Structures are given as C-alpha cells and as structure tokens.
Amino acid sequence: MELLQNTINDTKTTVHVYGDSIFKGIVMDKTTGQYVPMPADDFAPIADRYDVDIVNKSKFGYTIDRGWALLSRALAKQKPCDVLVLEYGGNDCNHDWRAV
C-alpha cells in the first residue's frame, strides 16, 4: 500500500490510532459479564503486513470529546506520526438506546 510508505526519509511509517473501547480491544467476557481486554493485539497483523509501526492510543470509555482532548494534548506536545486514525462510536455515548 503506497500510502503507508514513508518516502520522506526512508523510515518506517508510524500510525497513531485514537479511539474508544472497540479499538482498544475491550470485549465482554460472557462468563463473568465484565469487560476485559482481548488477549491479542489485533493491530499486529496489519503492522506486519504493511511494515508500519502502530501506536494504539485508544481508551476504554472515551467519547469524541475526551478523544479530542487526548489528541489535542498529543498535538501540543508535537508527537510525530505519519498517519492518524480516529474511531469513536456510539457504543460509548450516553444515549437512550431503548428509544432507538
């Protein structure tokens, strides 16, 4: 995938991922009914396939507002990355799901 090739200085492309529990890899344990992290890093196969470094900065329970604050702090510190991926879904919002 040419988009992921860093042609500026021939270094490995760095991808920063910001998201909620979905990208953090949090799932519900059906036996305990508690939220637990998945045992494997789901981004590893992508990183291996495209030869990129993926830094997962996703947080359990984060909404777009909290994610924006986290990203703003990172940008203020000038944390460099080549690609930025954002994922915030409705699953962590304070929505009246019974009304849907």
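1. Helices (H or I, at least four residues) and strands (E, at least two) are DSSP runs, numbered from the N terminus. On that basis the chain has three helices and five strands, and its elements run β-α-β-β-α-β-α-β from the N terminus on. The model is predicted: local features need pLDDT of at least 70 and side-chain atom pairs count only at pLDDT 80 or more, while totals for chains, interfaces and linings use all residues. Residues are numbered from 1 along each chain as its sequence is written, and side-chain values use heavy atoms, with hydrogens and water left out.

2. Buried residues (under 20% relative accessible area, 1.4 Å probe, protein chains only) make up 25% of the 100 residues in the chain. Contact means heavy atoms within 4.5 Å. Of the contacts between residues at least 6 apart in sequence, 73% join residues at least 24 apart.

3. Strand E1 (residues 14–19) is mostly covered, six of its six residues being buried. Thr-14, His-16 and Tyr-18 point one way from E1, and Val-15, Val-17 and Gly-19 the other way. Two strands pair if DSSP finds at least two bridges between them. E1 pairs in the parallel sense with E4 over four bridges, and Thr-14 has Asp-53 as its bridge partner in E4. E1 also pairs in the parallel sense with strand E5 (residues 83–87), over five bridges; here Tyr-18 stands opposite Leu-86.

4. Ser-58 deserves a separate comment. Ser-58 lies in the loop between strand E4 (53–56) and helix H3 (64–76), and is classed as buried because its relative accessible area is 1%. Leaving aside residues up to four places away in sequence, Ser-58 touches Val-17, Tyr-18, Gly-19, Asp-20, Phe-23 and Lys-24. Its side chain also joins that of Asn-56 in a polar contact of 2.7 Å (a pair of N or O atoms within 3.5 Å, one able to donate a hydrogen and the other to accept it).

5. Which residues line the largest pocket? They are Ile-22, Phe-23, Lys-24, Gly-25, Met-38, Ala-40, Asp-41, Asp-42, Phe-43 and Asn-56. A pocket is an open set of points on a 1 Å grid where a 1.4 Å probe fits, with protein on both sides within 12 Å along at least five of seven lines; lining residues have an atom within 4 Å of a point. About 180 Å³ of space lies in this pocket, a volume being the space filled by probe spheres set on the points. Helix H1 (residues 21–24) supplies the largest share of the lining, three residues.

Technical notes. Buried < 20%, exposed > 50% of the residue type's maximum accessible area, 1.4 Å probe, protein only.
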